[in-house]
Amino acid sequence: MSALLVLAITAPLLGLVPLLLLGPRTGERAALGMLAVNVAITAGIAERVAQGGRALGYVVGGFAPPLGVGLRADGFSAAMMLMAALVLLFTGLFAMTGPGDMTRKVKARGSAGMPATFFILLLSLACALNLAFLAQDLFTLYVALELLTFAAVPLVCLEGKAGQLSAALTYLLFALFGSVLYLLGVVLIYGLYGTLDIAHLAGLMAQGTGGATAGAALALMSAGLMAKAALFPLHLWLPPAHSGAPPAASAVLSAVVIKAPLFLLVRLWSDLAPLPLTQVAGPVFALCGAAAIVFCGVVALAQERLKLLIAYSTAAQIGYLCLMFPLAASDDGPWSALAWTGGTLHLVSHALSKAAMFLAAGLIAETMGHDRLSGLGGVGRVAPVSVAAFGLGGLSLMGLPPSGGFVAKVMLLTSALQQGAWWIATVVLVGGLLAGGYVLRVVVIALQHPDSDAASGRGLPDARECRWRALIALALAFGAMLVGFMPLAPLPFLDIGRPVTWEGLLP
Amino acid sequence: MTGDTLSPPLDLSALEPALPVLSEALMVVAIALPLVLAFAALVPAVRRALPHLLVFVPLPALIAALAVPRGLSVLVAPDPFRFTLALDAPGALLLGGSSLLWMTAGAYAMAYLRKDPARPAFMVWWLLTMAGSFAVFLVADVASFYLAYALVSFSAYGLAAHDDTLEARRAGSLYLALTVLGEALLIAAFVMLASGTADANPQIRDAVALLPTSPWKTPVLVLVLLGFTLKMGLFPLHVWMPLAHSVAPVPGSAVLSGVVVKAGVIGLLRFLPESVPLPGWGAVLCGAGLFTAYYGVAVGLTQRHPKRALAYSTVSQMGVVAAVIGAGILNGTAGTFTIAAYYAANHMLLKGAMFLAVGVAMASAPRRAWAVAGVAGLLGLSLAGLPLTGGAMAKYAIKLIVPEGVAGTLLTLSAAGSTLLMARYALLVARSGTEGAPPRGLILPALALAGLALVLPFLLFEAVTGLPAGVAFTPAALMKGLWPVAVGLAVAALLAWKAPRVPEVPAGDILHTLGFLGATGRTIMGGAVAADAVLRRWPVAALALLGVAALVAATLTFAVVPL
C-alpha cells in the first residue's frame, strides 16, 4: 500500500484552491509550487518502485479489486509520470509572470505570462495524467481520458481567437468520437467478463473465452485511443490545435497530453490482451505508425509556418511508439525487451525535445512577430538561445547523438534487424532523414543573414528573445540530450511490475 | 612492411612507466580543448581572446600524435557507455597532419577574416569541426565514432556556408542533405555491426573482426562503402564537394578539403577489415577510385576558378586513396591502411597549403601573384609526385600496395592527369592577382604549411613503409616518378600553346542533370499536402476512425488464433 499514489492524483487538485481563492499572482506561485510537489511525488514513486523492485499498489477505500478501484504504479507508468510531471513543471515556469512582464512594453508585445486559467488547466492535466498512468480498471481510465480531454481542449483556445476556437471544437468533437468508441469497447468487455480490472481481465482473457466479441472490444478501444492520440490517419485535429495554441499550451499538448492515450494503447495490448492477440494486431499499429512517420514527415517538410511544421512533426513522431508493437510482442526475449525500452525512451525524449521546440518556436514567433519560415532569416541573431534550444531538441528528432532520440533509434533498429523486420528498420531510417530535413531547414534559415533586400522590406526587429524563458526551453532540450546517456541495453526498471498482477500488493 | 607497428617518431616511451597518465590525458585534452573553447566562446572575454588562442588549440593533438604510444587505449567512460580512445598508426598520421593544418590555417583564418563581423561565429564552427576531426581519428568504439563523425560533418556546414551568398546557401543545403543521408546509411551499418557482438557498443576493432563471418556482411559493406565514400567524394557521390569547398572562405576550404574529407578515409580504414581479403569489394572500390581519379581531373581542367580546380583535384586524389584501399583489401595486404593514411596526410598538408596560396594570390598585385603561383605550382607537382618532393615519397609508398598491372598502370598514369590539373591550377592562381599586398598574417602561415608539406613525407617514410628512404632515390624509382609528371607537363604546355575552347563544366557537374529529382520531390510534397487535406476532412476522418476499428477487429477475428 502506498499513499503516494493517491497523493499523486489529489495533490494537483489541492493546488487549485489558492488559484480560485487568492489573486492570480499568488495563485500562480502556489500552482507552480504544487507542480514542483507533483515532481517530488512522482520521483518518490519512481524511487520506491526502483528500490523495491516491484510495483506499488493502492486500493481506494479498502475495497479490493475487482470490487473496488485499484491504483498501481509499475516501472513503465512511474517513468511516464515522472516525465509528464517534469514537462508540466518546466512549462509552468515558462508560462509564469516573470520579473519584467508587467512593464507596458513587454505587455504590448504580448509576452507576459499566461492567465490564471492556464494554471488551473495545467493542474487539472497533472491530475488527469497521473490518474491515466495509475488507474487499473478500464472505467477509471475512461474517466481519466475524459478529464484529460476537457483540460486539454480549453488550452487550445485560451486566447479566444477564431482559428483557435474552430481548432478546439474539432479536437473536442473528434476526441468525443474516440471516447464513444472506447466506452463501447469497455461495455462489451464488461458484458463478457463482468469485471473491468485489468489484472483480472488479463487472466480471464488468457483463458480464451472471449471470441469475436473480445476482439471487437479491443479494436473499438484501440481506435478510440488512436483518435485521441492523433495517430495517422486520425490526425485531423492535431495540426490546427497544436499549432494554434499559445506556445506553453502547445508544448504540454504535444509533449504529454497525446502520450497518455498512447500509454494506454500500450497498456491495453501489453497488459490486457493475451500475447498471441498482440502479435496479430501489432503489425496493424506498426503500419499506421509507419504511415504516420513517412506521410506526416513529408507534409512537415512542406510546411511554411514554424509551428505547423512542429505540429506535423509530432504527428510523425508518435508513429515510432507504434513501430514498437510487433517488435516488443515477439517471442524473441532479449530483442523484444530492447524494442520495449527503445519505444519508451523515444516517448520520453520526444516529450522533452518537443516541449523545448514548441517553447522555442513560441519565443521565436514572439521576437519576430510571426512564424513564417520564409521571413525567419537571421533569427539566430535576435533569439540565439531559442534557436539553440530548437536545434538541440531537433537533434533528438533526427536521432543524432548525443540524444535520447539516438538511443531509442538504435534500440528500435537493432531489435528490428535482429527480428528480420527490415521494413521497420527502413521506416526508422527514412523517418530520421525526413526529420533531418525539416529540422535542419529551420536551423539553416535561422543561421542565415537576415533578409535585407528591399523587395521584402523586412529586416530583423528590435525586439530580443525573453532570455530566461529561452533558458527554460534550453533546459528541456538538454534533458532530451541527457536521456541519450542511457546505456544501450534494455532498462530493467521498465520491466518492474510486469506482467500486471495484484499479488503481493493487496492486503 | 612494418606499418602496423609504426612506433612514435618522437619516442617518449621512456617516460611511459613514470607518467602513464600523461598520454591518456593528452588524447582526452586534444579533443576536449577545442570543444570546451567552443562553448566558452559564449563568454565575451573568451571570445575576445580566441583569435590569439586559435593557433595553439591543436597543440595537444600534435603532441599526442607524436608522443602517445601506438595502440594505447583510454576508457574515458566506464561500461556500459564505453567512450574509448585509442591511437594506431593511421590515426596518428592523420591526427598529426590535421593538427598542423588546423594550426596554420587557424593563424591564416584570423588574418583572413580580420574585418569580418561574423568572425566569432566562424571561430565557433572552426573549433567544433576541429574537435570532431580530432575525435574521429582517436575514438575506438562504434557509438563514439558515430558521434565524432556527426560532429565533424555537421559543424563543417558552418565553415562552408559562412559567406552566406546565394551560392553558399545552395551548396550548404546540398551538403547538409547528403550529410544526413550519410548518417542514415552509417547508423544502419553500425547497428548491424554491433549486433554481431555481445556488446551494445563494441570496440570498432572487435566488431570489424567479426564482419567477415557476419550474416550481414554484404549490407554492412555496402552501407559502409556508400557512407564513407560519400564523405570522400567518390563518383557519383562527389557532387557536393566542388560546390561546398569552393564557396567557403579560403581557410575554411583548406580544412574542408584537407581534414573533413579525411573523416571518410579514416572511416574506411576503421570499418573495413585489413587482413582478410575481400576480392569483389576491393575490386569495386579500386575501380570506383580510379574512375574518380580521372573524372576529377577531366572536370577540374575546365574550371576557371582556382578553388574549384582544387576541389576537383581533391575529388581526384580521394579517388587515388580509395583505389589504394581497394587494392589493399582485395588481397588483404598488411600495411595498406598505414600507407593509405600516409598518402592522405600528404594530401592533407599539400591541399591545405594550396588553398591558402589561393587566398594569398587573390590579395596580391598581379606581379606578386606570379610568385605565389610558383610556390603553388611546386606544391602541385609534389601532389603529382615529382621526384625529390615529399609527394614523390607518398606516391612511392602507394605503389607498394597497388600491384603492377592494369590498376598499377592506371594509377601511375593518373599522376600525369594530376600534373595537368595542377598546372591549370597554378595558371589560375597566377591570374587571380588583383591589387594590394597580402598581410603577413596570410603569407607566413601559408609558407609554413607549404614547407611542412614538402618536407614531412620524407621524415615519415621509413616509419610508414619500413623501407629506408633511399629506395625512393634510386635512378629507376626517380625515372618511374618523373615520366608521368613530364608527360603531364608536356600536355599542359601543348594545351597552353593551342588550347581548345572547352566550356566550364558547372561545379557539381552531374548534379545539374538531376534537376528532375528536385521536381519529383516537390511533386511528392505537393501530393502529400493534398492527400493530407483530404484525410483531414471530417467525413474522411470519421470513416477512417471506423475503418481502423474494423481493420483491427477483422485482423483479430480472421487470424488463426483461438480467442
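The axes of H14(A) and helix H22 (residues 538–558) of chain B come within 9 Å and cross at roughly 140 degrees, where axes are lines fitted to C-alpha atoms, for helices over the stretch in contact, and angles run from 0 to 180 degrees between N-to-C directions. That angle makes H14(A) oblique to H22(B), given that angles under 35 degrees count as roughly parallel, over 145 as roughly antiparallel, 65 to 115 as roughly perpendicular and the rest as oblique. This is a predicted model, in which local features need pLDDT of at least 70 and side-chain atom pairs count only at pLDDT 80 or more, while totals for chains, interfaces and linings use all residues. Residues are numbered from 1 along each chain as its sequence is written, and chains are lettered from A and ligands numbered from 1 in the order in which they are written. Helices (H or I, at least four residues) and strands (E, at least two) are DSSP runs, numbered from the N terminus.

**H14(A) against H22(B)**

- The crossing of H14(A) and H22(B) is right-handed; a crossing is left-handed if the near helix is turned anticlockwise from the far one by less than a right angle, and right-handed if clockwise.
- On the side of H14(A), Leu277(A), Val280(A), Ala281(A) and Val284(A) meet Leu551(B), Val552(B), Thr555(B) and Leu556(B) of H22(B), two residues being in contact if their C-beta atoms, placed from the backbone, lie within 7 Å.
- This contact of H14(A) with H22(B) has 7 nonpolar, 1 polar and no charged residues, where Ala, Val, Leu, Ile, Met, Phe, Trp, Tyr, Cys and Pro count as nonpolar, Asp, Glu, Lys and Arg as charged, and the others, Gly among them, as polar.

**The interface as a whole**

- In total, 51 residues of chain A are in contact with 44 residues of chain B.
- The elements of chain A that give two or more residues to this side are helix H8 (162–193), helix H10 (211–229), helix H14 (275–301), helix H19 (404–418) and helix H20 (422–447), and the largest share, 12 residues, comes from H10(A).
- By class, the side of chain A that touches chain B has 40 nonpolar, 11 polar and no charged residues.

**Helix pairs within chain A**

- The axes of H14(A) and H20(A) come within 9 Å and cross at roughly 20 degrees, and the two helices are therefore roughly parallel to each other, with a left-handed crossing.
- Among the residues that make this contact are Ala286(A), Ala290(A) and Ile293(A) of H14(A) and Ile424(A), Val427(A) and Val430(A) of H20(A), and the contact has 13 nonpolar, 3 polar and no charged residues.
- Helix H3 (residues 24–52) and helix H6 (residues 116–134) of chain A have axes that come within 10 Å and cross at roughly 20 degrees, which makes H3(A) roughly parallel to H6(A); their crossing is left-handed.
- The residues of the contact of H3(A) with H6(A) divide into 9 nonpolar, 2 polar and 1 charged.

**Burial**

- Leu306(A), placed in helix H15 (residues 306–328) of chain A, is buried, with 27 other C-beta atoms within 10 Å; a residue is buried if 20 or more other C-beta atoms lie within 10 Å of its own, exposed if 12 or fewer, and partly exposed in between, with C-beta atoms placed from the backbone.
- Not counting residues up to four places away in sequence, Leu306(A) touches Ala361(A), Ile364(A), Ala365(A), Asp371(A), Leu373(A), Leu376(A) and Val442(A).
- In chain B, 18 of the 20 residues of H5(B) are buried, so this helix is largely enclosed by the rest of the structure.
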